[in-house]
Amino acid sequence: MELGMTTFAEVMPVGDRPAPSAGQRLREVVEEAVATERAGLDVYGVGEHHRQDFAASAPAVVLAAIAARTERIQLTSAVTVLSSADPVRAYQEFATLDGLSGGRAELMAGRGSFTESFPLFGYDLSDYDELFEEKLALLLKIRDDGPVSWSGRFRPALRDAIVYPRTDDRPLPVWIAVGGSPESVIRAGLLGLPLAIAIIGGQPARFGPLVELYHRALAEGGHEKQPVAVHAHGYIAESDAAAVADFYEPYAAAMSQIGRERGWGPMTRQQFDALRSQSGSLFVGTPDYVAEKIADVRDTLGLDRFMLHTSVGTLPHEQVLRTIELFGEKVAPQVR
């Protein structure tokens, strides 16, 4: 089973602690990715956002900086907002990353939980589903060998085009990232693409029917078994009390801010404790506790990869590094 970390390069103020600058946070992200490889973990992901509170609007650039400092770890977007991207440019960026890293790049394509990129790049939110479907189809054509002739609604047509550079030895890995939409799960299965599920609330066991639906769609599409991953929030410390003390305030601040934008109530301690329980979606606690929760979700959903997202609100860099160290040294051996 693959284990790893993800980040959005969060730059949120927490209490009296000011937000770091975007540049500082991005440099910390590179150091955290280096620490992830040093800890013996398998994958590091950087998500794309176009907001003041997230510094990583260009994941391929951040991952390229990480590639120059690492040798083994897989490098993935988490996610690329393909709906508002140009599939030609997205392919070029990640094929370039793949070459720089010696074949370690992945593109994780999603429709986007936040919508700031749509007006920024001139797209209408009423085309939300159609944009993703069309652009994913083009991306998959581009990664196949041979010239591409294609026309659609949202970008100029291609005539016998081959997009360069090409990847060495393998097609560029493309995953589909979903937040719980059955339609997206079915699409991934019918296309034979790996599936990544973001579980940021509720109970992970409730995603079991979606995974079953994905496997049925794979079979219907005539495809072999593909990897299934989960992305979830969490934090690891030497004691439960320390984990809660470090993580609750930045997590609650971030989730409450997003809640205000989306019409949710503020995050309460009672909600946090429920999410941190054995059946909940937060992986917060000691190495033994987090390892047990990851193993339970692995067995329940049949996972091939688990990715821990720690800086939901901006945690101090030293705390993130310590979580990575504990994840690699104490959690990973138990899970494996």
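Begin by selecting aspartate 86 and valine 88 at the start of α3, where a side-chain oxygen of aspartate 86 comes to within 3.1 Å of the backbone nitrogen of valine 88. Keep in mind throughout that this is a predicted model.

Next, select residues 87-101, the 15 residues of helix α3, which reaches 21 Å from its first C-alpha to its last, close to the 21 Å expected at 1.5 Å a residue. Just after α3, glycine 102 takes a positive phi of about 75°.

Within α3, colour the buried residues, among them Pro87, Val88, Tyr91, Phe94, Leu97 and Ser101. What do the buried residues of α3 pack against? Showing their surroundings brings up α2 (59-67), β3 (74-77), β4 (80-81), β5 (105-110), α5 (128-143) and β7 (158-161).

Now turn to the largest nonpolar core, which has 99 residues, and select Ile66, Ile197, Phe247, Tyr251, Ile294, Phe306 and Phe327, the residues with the most contacts inside it. Helix α8 (residues 240-262) gives the most to this core, with 8 residues. Centre the view on isoleucine 66, which, leaving aside residues up to four places away in sequence, touches Val29, Val30, Ala33, Tyr44, Val46 and Leu75. A second, separate core of 8 residues can then be picked out through Val43, Met108, Ala196 and Met307, which it includes.

Finish at the largest pocket, which has a volume of about 890 Å³. Of the 40 residues that line this pocket, select Gly112, Ser113, Gly179, Ala198 and Ile200, which lie nearest its centre. Among the elements that each supply at least two residues of the lining are β5 and α5, together with α8.

Methods. Residues are numbered from 1 along each chain as its sequence is written. This is a predicted model: local features need pLDDT of at least 70, side-chain atom pairs count only at pLDDT 80 or more; totals for chains, interfaces and linings use all residues. Side-chain values use heavy atoms; hydrogens and water are left out. Helices (H or I, at least four residues) and strands (E, at least two) are DSSP runs, numbered from the N terminus. The expected span of a helix is 1.5 Å times one less than its number of residues. Buried means under 20% relative accessible area, exposed over 50%, partly exposed in between (1.4 Å probe, protein chains only). Contact means heavy atoms within 4.5 Å. A polar contact is a pair of N or O atoms within 3.5 Å; within protein, one must be able to donate a hydrogen and the other to accept it, and residues adjacent in sequence count only if both atoms are side-chain atoms. A nonpolar core is a set of buried Ala, Val, Leu, Ile, Met, Phe, Trp, Tyr and Cys residues joined through side-chain atoms within 4.5 Å. On a 1 Å grid over the protein atoms alone, a cavity is a set of points where a 1.4 Å probe fits but cannot get out, and a pocket is an open set with protein on both sides within 12 Å along at least five of seven lines; lining residues have an atom within 4 Å of a point. Grid points are joined across faces, edges and corners, and a volume is the space filled by probe spheres set on the points.
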